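I opened the notebook to go through one model from the overall picture down to single residues. My entries follow in the order I looked things up.

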Amino acid sequence: MIQVNKSFLEEISEDIAKLRDSDFHVCKHDKMLKMEDEGIEIPDDMDATCTCHKFDAVMDKINNVIEINENQIVEIKEED
């Protein structure tokens, strides 16, 4: 059994937020909006789907575990 404390989970959630906001993650929707602002024609086949929510969904799962855990220790059992 592995035990993980609340601060460790909070640190992971913060790291994910940093990855979402870092330069390596380019949100296609933000890129399209920037192109529009700069007067650049948007190609019809451009995928402008926002991908930020994928990072947010993982952070939400972690934060959910933190919120429902009263003793601030999460015990993870390995599957058989």
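What pLDDT does the protein chain average, and what share of the residues score at least 70? I found an average of 84, with 84% of the residues at 70 or above. pLDDT is the predictor's confidence in each residue, from 0 to 100.

I noted the ground rules next. This is a predicted model, in which local features need pLDDT of at least 70 and side-chain atom pairs count only at pLDDT 80 or more, while totals for chains, interfaces and linings use all residues. Residues are numbered from 1 along each chain as its sequence is written, and side-chain values use heavy atoms, with hydrogens and water left out.

**Elements.** I read three helices and two strands in the protein chain. Their order from the N terminus is β-α-α-α-β. Helices (H or I, at least four residues) and strands (E, at least two) are DSSP runs, numbered from the N terminus. I then checked confidence by element. Helix H2 (residues 28–37) has the highest mean, 90. Strand E2 (residues 73–76) has the lowest, 66.

**Whole chain.** I looked up burial: 22% of the 80 residues are buried. Buried means under 20% relative accessible area, exposed over 50%, partly exposed in between (1.4 Å probe, protein chains only). I also looked at contacts (heavy atoms within 4.5 Å). Of those with a separation of 6 or more, 69% join residues 24 or more positions apart.

**H1 against H3.** How do these two helices run relative to each other? The axes of H1 (residues 6–21) and H3 (residues 52–68) come within 9 Å and cross at roughly 170°. Axes are lines fitted to C-alpha atoms, for helices over the stretch in contact, and angles run from 0 to 180 degrees between N-to-C directions. H1 and H3 are therefore roughly antiparallel, a label for angles over 145 degrees. On the H1 side, the contact includes Leu9, Ile12, Ser13 and Ile16. On the H3 side, I listed Phe55, Met59, Ile62 and Asn63 among them. By class, I noted 12 nonpolar, two polar and four charged residues.

**Ser13.** Is Ser13 buried or exposed? Ser13 is buried, because its relative accessible area is 8%. Leaving out residues up to four places away in sequence, Ser13 touches Met59, Ile62 and Asn63.

**Pro43.** My last stop was the loop between H2 and H3, where Pro43 lies. Pro43 has a relative accessible area of 39%, so Pro43 is partly exposed. From Pro43 to Met32 I read 9.5 Å, C-alpha to C-alpha, across 11 residues in sequence.

Note on methods. Parallel < 35°, antiparallel > 145°, perpendicular 65-115°, else oblique. Nonpolar A, V, L, I, M, F, W, Y, C, P; charged D, E, K, R; others polar.
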